[in-house]
Amino acid sequence: MQIRSAFAAVSAACLMTTSAAVAGPEAEVLHWWTSGGEAKSVAVLQKEFADNGGTWTDMPVAGGGGDAAMTALRARVLSGNAPTAVQLKGPAIQEWYEEGVLADISAVAEAEGWADVLPASIAGHMKCEGTWCAAPVNVHRVDWIWANADVLAANGIALPTTWDEFNAAADKLMAAGITPLAHGGQAWQDATVFEAVALGVLGADGFHKAFVELDKDTLTSDAMIATFDQMRKMRGYVDANFPGRDWNLATAMVMNGEAAFQIMGDWAKGEFMAAGKVPGKDFLCISTPGEGYLYNVDSFAMFDVKGDDKAAGQALLAKLIVGKNFQKVFNLNKGSIPARTDVALDEFDSCAHLSSEDMAASNAGGSLLPSYAHGMALRGAQSGAITDVVTAHFNSDMSSADAVKMLAEAVANSM
Ligand code: GAL
């Protein structure tokens, strides 16, 4: 409603020939895109917004994966001063909607024909009780291995296609004095590695049962024990300085040859690209061992704020975000692929093509899965409970059997 009236206000303003001052579209935008590649990407949106008469107030909250940003958001909403637009994803969108604080952006979505250009699975995440409540930016794939091409070649190592091959490569690298796995010890990064391992070990059906359905038998299965066994191995492949390291600094370790691999979503590719590195030459990409595709869709939700200038800002932002040109240029920088299905990928690199092809194949084969680590699969309480166990296990000598027991209990207590 607010957006519709803002549209009316903006159109009326355009018809005015007098010099009456009318405030243009405004937006205060909360996001966590602060690394090199991320900053380049969000600058694309800022520029488009400004080119269309908008005034952007930036509210970046550093911290990969967005945990700090979400804490900042809660504080702002509780103090009755919500930002205009917020980077928000997955079921958190519906959780905020249920608190009654989101604006309805259906008018823009309908005018722009979003239903015709977005895959149904993505559109589903953007809807709240039938209305459009968020605008999708991209599709990030989470289950990737990024590798330093020279380091692999110098050590006679091929990209691993099974976890056994990964372990063999890592052992060889260790013997050569190279850190096999660049990792930052932050809970969300532990969870990112864990879910990639889980997809490979549990398989796509097992992943769905565990992290979408929270099926107790799967959470306590031998395959889940094997998943934690592989995590214990991963712990042995990181360097001593991993605690607290930011993900982009881990990417830099792969870039400069200090480490061979990083397991991270394709925002890592944005870092390589921002540093002028060439895929297939300087760095290599391959999906982590196993079938399936873990998707992570970045999106923006608009909060219910007062003022026609802000409502106009929300309408403009929503329109631009799903716009064809923005989806191309932004995602060329971000490492992801467009959420829209009608954007040509000619200018995208080989990793993006692989992502797009694997996404289509996984969709057809039933193995296209929401990332639990990046808030696409579960509500906050449940995903948080799982991540707590993953991190506790990674940072101690807890046995896999104990981890699995703790996992089932934590999930049960979070319901
Ligand atoms: C993800 C987000 C990405 C990227 C990453 C690291 O959750 O979807 O866009 O920002 O965190 O911060």
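A polar side-chain atom of Asp298 lies 2.6 Å from an oxygen atom of the ligand, a polar contact being a pair of N or O atoms within 3.5 Å. The protein covers 100% of the 300 Å² of accessible area that the ligand has on its own, with areas taken from the Shrake-Rupley method with a 1.4 Å probe. This is a predicted model, in which local features need pLDDT of at least 70 and side-chain atom pairs count only at pLDDT 80 or more, while totals for chains, interfaces and linings use all residues. Residues are numbered from 1 along each chain as its sequence is written, and side-chain values use heavy atoms, with hydrogens and water left out.

Other residues also contact the ligand. An oxygen atom of the ligand is 3.3 Å from an N or O atom in the side chain of Trp32, and a polar backbone atom of Gly65 is 3.1 Å from a ligand oxygen atom. The shell around the ligand holds 13 residues, each with a heavy atom within 4 Å of it. The closest are Glu38, Lys89, Asp298, Lys334 and His374.

The torsion about its S-S bond is about 80°, so the disulfide of Cys128 and Cys133 is right-handed.

How values were computed. Polar contact = N/O pair within 3.5 Å; in protein donor to acceptor, adjacent residues only side chain to side chain. Disulfide = S-S within 2.5 Å.
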